[in-house]
Amino acid sequence: MDLNQKCTQIRRLILKTIGAAGSGHIGGSLSIVELLVVLYEKHMNISPKHPQKPDRDRLIVSKGHAGPAVYAVLCDKGYFDASWLSTLNKPGTNLPSHCDMNKTPGVDMTTGSLGQGFSAAMGIAKASQLRNDGATIYTIIGDGESQEGQIWEAALFAAQHNLSNMIAFTDYNKMQLDGKVSDICSLEPLDKKWEAFNWNVINVKNGNDCDEIDRAIVKAKSLINLKKPTMIILNTTKGKGIHFAEAAGVNNHSMQITPEMIEQGIIELGGDL
Amino acid sequence: MEMRKVLAETMEELMLKNKDIVLINADLAKPNGLGNLKDKFPDRAFNIGIAEQNMASIAAGMSSYGFIPFISTFTPFASRRICDQIAISCAYAKQNVKIIATDPGISAENNGGTHMSFEDIGVLRSIPGVVIFEPVDKVQLKKILPQIAEYKGVVYIRTFRKELPDVFSEDEEFDLFSSAKLQDGKDASIFCTGIMVQETLLANKILQSQGINADIINIHTIKPIDKSAIVSSAKKTGAVVTAENHNLIGGLRSAVCEVLAEQFPVYVGSIGIDDKFGQVGKMPFLKEFYKLRAEDIVNKVHEVLTKSGK
């Protein structure tokens, strides 16, 4: 299966997962599908049968509300049984709205209180450096999340500590819960900010294109001798790949999903109901 | 000896023994006495700058990798400022992070209201799983720190950093989760913590001269609190006083009353900050202003004895 087909399959899983719950964070889950697929299919040194393998690569999804996307990919990699997906946010579930390392195998950090996961990722990168185990630490932040001051505290730390094992991504879909990022509190110029914080910066024009993402990660890895962390800015689309979610625009952060919407979406994604 | 000197010596011993311990400061390494450890442990002791939120979450990340981070700053910045990071990155995520918080309550002295935390215990006590320890003197700090390093979970160490008179002898042993008995008595129970233990012992001399024998118990660990010691003492005396360098809301008084309300309801009189903010001043002035002196404890014991009909 090629990466694009895999993305379609993951989108179907996300829709079914959120659909089973009746509502959820669909917009910011769909925007990072390509990134997650490229990371898990092509780059991450992991072992789903041994989720705690000490020298594994880590992924800290600091925008913890993208849990449903993470769960779809982890399930696909075999971290847990597919039957779990229909339990999202149901009583006693191992798949809560926001990522929880103590509940879900394969989740490397508990996130959801925005900004904190990014700092934790820097702590993990620092720890990997101290252990000298060669792991690469990946983390994903949201654009709205980048309004948190803690993001920039962590950015300073990463540069100071030469965290060249850190490859971070901004899911720059230009939307946050209440509206457009530019209307609420603009981040522009975002690439210049990260450059000014002494990070390598790679702009990905289409952050929902697997090849472009892959090339950016390969390039980031090649920059390791610069002894700097790398920020890959992914220009993405919130709600990408499912018509009703994309069309909802700024209202797709968390949406009610009706059975009709699931049906329409699954057909659109070429899947079986 | 200064508490920070003992803190630094003990941390050095612990870091020599356990290579997983890391020490993170937030531009208060010098006042906390921990500045020199970065020379001894250049990899494992570092200064994060003035970024306490980042410090707490970075510590959580390092903990997830198997390290045992000790983070250090003043009490207000180690509690109310980073409440959410302690709650989520550390406690909710079940990480093994230790928080060294200095200058509790009035000991912030001339740093004044902004730095004078009377609410830190209350803020943190309501977060599940956070252990709160407040040492009385250097012996207690030195004996309990290794237990804290061994214990897996979030621990808040609320410690004075300057010179303190010794209360305990060098050969005294402590358990992190058990209170320490200072005197057996039958007339009134005094539960005290931190610097209020010294005031209680001064008060005790006056009380003894008045023929009052107090049961004096040091609650060095406010959460989880030693329930059985509190209940058995209250049952014996029927009259309870608490003494703390903290707001009367949320701290030791609240913790003791929660236990007694459930298991042995009894009148409780309390010494502590009566829901006020801090201010600049030296300790003697602040003790007088907030009524934290030995004589205030004596008066409170008499009030409690009267109200209890003793």
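Mentor: Let us begin with strand 8 (residues 230-235) of chain A, which is mostly covered, as 5 of its 6 residues are buried. The model is predicted: local features need pLDDT of at least 70, side-chain atom pairs count only at pLDDT 80 or more, and totals for chains, interfaces and linings use all residues. Residues are numbered from 1 along each chain as its sequence is written, while chains are lettered from A and ligands numbered from 1 in the order in which they are written.

Trainee: How are the terms "strand" and "buried" to be read?

Mentor: Helices (H or I, at least four residues) and strands (E, at least two) are DSSP runs, numbered from the N terminus. A residue is buried if 20 or more other C-beta atoms lie within 10 Å of its own, exposed if 12 or fewer, and partly exposed in between, with C-beta atoms placed from the backbone.

Trainee: Which strands are joined by bridges to strand 8 of chain A?

Mentor: Two strands pair if DSSP finds at least two bridges between them. Here strand 4 (residues 166-172) of chain A runs parallel to strand 8 of chain A and is joined to it by 6 bridges; within this pairing, A:Tyr172 has A:Asn235 as its bridge partner. Strand 7 (residues 200-204) of chain A is also parallel to strand 8 of chain A, with 5 bridges, and A:Asn200 stands opposite A:Thr230. From strand 7 of chain A the chain passes through helix 9 (residues 210-222) of chain A to strand 8 of chain A, in a right-handed β-α-β crossover. A crossover is right-handed if, with the strands pointing away from the viewer, the path from the first strand over the helix to the second runs clockwise.

Trainee: What is A:Ile232 in contact with, leaving aside its neighbours within four places in sequence?

Mentor: Two residues are in contact if their C-beta atoms, placed from the backbone, lie within 7 Å. With those neighbours left aside, the contacts of A:Ile232 include A:Ile167, A:Phe169, A:Ile202, A:Val204 and A:Ala216.

Trainee: Which residues touch the most other members of the largest nonpolar core?

Mentor: A nonpolar core is a set of buried Ala, Val, Leu, Ile, Met, Phe, Trp, Tyr and Cys residues joined through C-beta atoms within 7 Å. The largest such core has 184 residues, and those touching the most other members are A:Leu36, A:Val70, A:Met122, A:Ile232 and B:Tyr156. Domain 1 (3-159) and domain 2 (180-307) of chain B both give residues to this core, so it lies between them.

Trainee: What do strand 8 of chain B and its partners look like?

Mentor: In strand 8 (residues 188-192) of chain B, 5 of its 5 residues are buried. B:Ala188, B:Ile190 and B:Cys192 point one way, and B:Ser189 and B:Phe191 the other way. Strand 9 (residues 214-218) of chain B runs parallel to strand 8 of chain B and is joined to it by 5 bridges, with B:Cys192 opposite B:Asn218. Strand 8, helix 7 (residues 196-209) and strand 9 of chain B form a right-handed β-α-β unit. Strand 11 (residues 240-247) of chain B is likewise parallel to strand 8 of chain B, through 4 bridges, and there B:Phe191 has B:Thr242 as its bridge partner.

Trainee: How many residues does each chain give to the contact between chains A and B?

Mentor: Chain A gives 22 residues and chain B gives 22 residues. Helix 5 (116-131) and helix 6 (149-160) of chain A each give two or more residues to the chain A side, and helix 5 of chain A gives the most, with 12 residues.

Conventions
Domain bounds come from an automatic or database domain assignment.
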